[in-house]
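Me: I'm new to this one. Could you walk me through how to read it, feature by feature?

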Amino acid sequence: MSSVYIKTYGCQMNERDSEQVAAMFLAGGYSFANSELEADVVLINTCSVREKAELKALGKMGMLCSQSVDRPWVVFGFMGCMVQSKARELFETVPRLDVVTGTHCYHRVFPLCDSLLKQRLASAVHSPLRKGAQLCEVEDLPDAHNRIRDHLPARTSCSAFVSIMQGCEMRCSYCIVPYTRGAERSRPAADILDEVRRLVDSGVKEITLLGQIVNRYGREEPVIDGRSGFVRLLEMVHEVDGLERLRFTSPHPIGFREDLVRAFSYLPKLCSHIHFPMQSGSDRILQLMRRPYKQQKYVELCEAMRVARPDLAITTDIIVGFPGETQEDYLLTKAAVEQIKFDNAFIFQYSPRRGTPAADMPDQVCLREKEARNHDLLDTVNRIAIARNRALVGTQQVILVDGPSKTNPNRLQGRTSQNKPVIIEQGIAKVGELLPVTIRECTGFTLYGAV
Ligand code: SAH
Ligand code: SF4
Ligand code: F3S
């Protein structure tokens, strides 16, 4: 039996896409390789959002190729966002590469790789490696690969991502995603509901709805009784019997209206966590980033959501060292972090992306300064995050048990509604169970619970 290995970088969109490609390989009679060095087909799903992400994928592929010189039949492929941004260039960078497929043609990955592998295994002398080189980045019907999920085997996990829209048209001046993921398009609600029901029937308890700006879902639809297309979708998914938890990511302050704030007050399955990218605390920088909101508006939204759902955990994304960011601008970001008190924040050093407007802006911030701001902000973020975690000690929380703890396989791990991991003893609950626990202890980012 041939085997496949898939390594995924980047966001949840990529995770979900990889899952679908994996499903096609399984349906085609492949198994998952025990290790990347034993696989007949090696695929890396790539991210282009920062240079580091691209370098990691290139480095990994280079290493895997060099480790397989005695297995010349192995098919190597890149998929995903870096393919959209670098395309043919990848064949030059990685000479051993066979297949590259962009974000719009996941359904082509399996047939391409499979036929190439079969050809090679059939020929006594292995064909010259580059012969199979294929580039596929044609735009496909947006939901063609949404059906692949039918092939998924029995689920091993109790939570799943469901993509409700593709692409992004915001064109934030630093971001490559609009170029790698194409135009924004929403999936029909009926398809989404079908997928959710199927997942729930197969044991899924928690669904995360995915989109680059998830709250723009269905924006061409009319507002009915003050509720936008997105809020109506939340309500419909919420209705699905057997679903216990509902999340969405990522929302954007644009189009984040009162109806969505209110949803936190009347949809109990909607979890007490929102990942709400702020990017900067300086209005001047937000404007240069082409983020069409002011810092004040962002703060007001956070406050309103906390009124609607008092235990809401808010996490965010922040970019430091955007072109033109002065020390004053940076300090405004730091002040915003102090004021809002995030439960956690991902801090990114600005990384110039080819073809995006910010890459050509004057006053690029030097690496040393980016690192200093990153380091300084991380201290602040961590201090606040740990304090917020400590405040949970002694409280009752319901956790959804996910599986073995990542740090200690002899313990189990679950997540609270706020999406915080909690470690519990083995044997007191089953994976997929919702379990009320008391938080006994907190060591920084890890919480320990007891029944
Ligand atoms: N669609 C989401 C973000 C997707 S990208 C949103 O708009 O909220 C995830 C995060 O990567 C962004 O929130 C941003 O903080 C970061 N990011 C994007 N481009 C970047 C770049 N060129 N350099 C550094 N960080 C970047
Ligand atoms: Fe990128 Fe902005 Fe779109 Fe998010 S909203 S994916 S940051 S362009
Ligand atoms: Fe990266 Fe593409 Fe996601 S660039 S963040 S994998 S949409």
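Me: Which element gives the most to the lining of the second largest pocket?

Reply: A quick word on the model: it is predicted, so local features need pLDDT of at least 70 and side-chain atom pairs count only at pLDDT 80 or more, while totals for chains, interfaces and linings use all residues. Residues are numbered from 1 along each chain as its sequence is written, chains are lettered from A and ligands numbered from 1 in the order in which they are written, and side-chain values use heavy atoms, with hydrogens and water left out.

Now the general idea: on a 1 Å grid over the protein atoms alone, a pocket is an open set of points with protein on both sides within 12 Å along at least five of seven lines, a cavity is a set where a 1.4 Å probe fits but cannot get out, and lining residues have an atom within 4 Å of a point. Helices (H or I, at least four residues) and strands (E, at least two) are DSSP runs, numbered from the N terminus. Here, α8 gives the most, with three residues. Both α8 (229-238) and α9 (258-266) supply at least two residues of that lining.

Me: What volume does that pocket have, and which residues are closest to its centre?

Reply: A volume is the space filled by probe spheres set on the points, which are joined across faces, edges and corners. The second largest pocket has about 270 Å³. Of its 17 lining residues, N215, R219, S228, G255 and R257 are the closest to the centre.

Me: Is R415 buried or exposed?

Reply: Buried means under 20% relative accessible area, exposed over 50%, and partly exposed in between (1.4 Å probe, protein chains only). R415 comes out at 14%, so it is buried. You'll see R415 in strand β16 (residues 411-415).

Me: What does its side chain make polar contacts with?

Reply: A polar contact is a pair of N or O atoms within 3.5 Å; within protein, one must be able to donate a hydrogen and the other to accept it, and residues adjacent in sequence count only if both atoms are side-chain atoms. The R415 side chain reaches the side chain of D402 at 2.9 Å and that of N419 at 2.8 Å.

Me: What about phi in N419?

Reply: Look for positive values in residues other than glycine. N419 has phi near 70°; it lies in the loop between β16 and β17 (421-425) and, at 29% relative accessibility, counts as partly exposed. D225 is another case, with a positive phi of about 50°. That residue is in the loop between β10 (206-210) and α8, and it counts as exposed at 68%.

Me: And where is a cis peptide bond?

Reply: Check omega: the bond joining T249 and S250 is cis, with omega about -10°. S250 is in the loop between β11 (245-249) and α9.
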